[in-house]
Amino acid sequence: MDRFSIVVGDITGSDAEAIVNAANTTLLGGSGVDGAIHAAAGPALLAECRTLGGCETGRAKLTAGYRLRAKYVIHTPGPIWHGGDRGEPALLASCYRSCLELAEERGIRTLDFCSISTGVYGYPLPLAATVALRAIMDFLADHPLPERVRMVCHTEAAAEIYRQTWNLWYAADKDHRL
Ligand code: ADP
């Protein structure tokens with residue numbers, strides 16, 4: 001799948017047309033990647049977010065990117081991990097799908113995800129990676145947009161878990177391993 005890749009980096013410096021923010025339901029900023037995106041985008045981002053009236057877990061809303069290189073930010077509140085029996089996998093899959101649908105609707109060609117829910121929200125990374133990759137790959141299989149999707153991991157260790165998960169589910173043979 002040449003439309004998808006796993007990279008290591010800081011999503012606030014992304015050159016994609018849109019980046020995904022692992023937000024909370026208030027959409028008014030928070031810690032982790034949310035705080036970093038708001039700091040890099042500047043106060044106008046928070047001002048636009050205030051007009052949105054929050055967002056339900058598993059849904060997504062789009063704003064401009066302001067001082068970011070990315071033209072848009074797609075904000076999605078991921079589920080808080082409570083052990084896995086409170087609908088977390090379905091909600092996490094819904095986050096990815098909602099972001100991809102919104103990107104497609106807006107004609108966005110390049111989209112960068114961060115690893116939703118795997119920081120403060122405590123979703124175990126290997127489980128989150130399985131859900132994330134399945135949601136992304138299922139969507140790309142029958143939608144021409146976005147043309148390019150990347151998972152931007154903050155650490156090499158996280159990227160390695162995503163690569164291993166990819167290899168487990170999507171590499172048909174060793175020539176296709178990441
Ligand atoms: P959540 O509340 O959804 O768990 P966090 O921001 O705490 O959100 O973490 C989500 C993921 O984003 C974590 O895997 C964390 O390592 C990663 N992350 C934190 N800062 C950045 C950044 N600047 N760029 C990319 N990923 C980041």
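1. In this predicted model, W166 is buried, since its relative accessible area is 5% and the cut-off for burial is under 20%. Y170, at 28% relative accessibility, is instead classed as partly exposed. The two residues are 4 apart in helix α5, which means that about one helical turn separates W166 from Y170.

2. The count of aromatic pairs comes to 4. One of them joins F4 and W166, whose ring centres are 5.9 Å apart and whose planes meet at 25°; because planes under 30 degrees apart count as stacked, this pair is assigned to that class.

3. F4, W166 and Y170 together make up one aromatic cluster.

4. A separate ring contact involves W169, where R134 lies over the face of the ring at 5.5 Å from its centre.

5. Turning to the strands, β2 (residues 18-23) has 5 of its 6 residues buried, and is therefore largely enclosed by the rest of the structure. Strand β2 runs parallel to strand β4 (residues 72-77), to which 6 bridges join it, and within that pairing A23 has P77 as its bridge partner. Strand β2 also pairs in the parallel sense with strand β5 (residues 110-113), over 2 bridges, and A18 stands opposite L111 of β5.

Conventions
Residues are numbered from 1 along each chain as its sequence is written. This is a predicted model: local features need pLDDT of at least 70, side-chain atom pairs count only at pLDDT 80 or more; totals for chains, interfaces and linings use all residues. Side-chain values use heavy atoms; hydrogens and water are left out. Buried means under 20% relative accessible area, exposed over 50%, partly exposed in between (1.4 Å probe, protein chains only). Two strands pair if DSSP finds at least two bridges between them. Rings of Phe, Tyr and Trp (its six-membered ring) pair if their centres lie within 6.5 Å; planes under 30 degrees apart count as stacked, over 60 as edge-to-face and the rest as tilted. A charge sits over a ring if NZ of Lys or CZ of Arg is within 6 Å of the ring centre and within 35 degrees of the ring normal.
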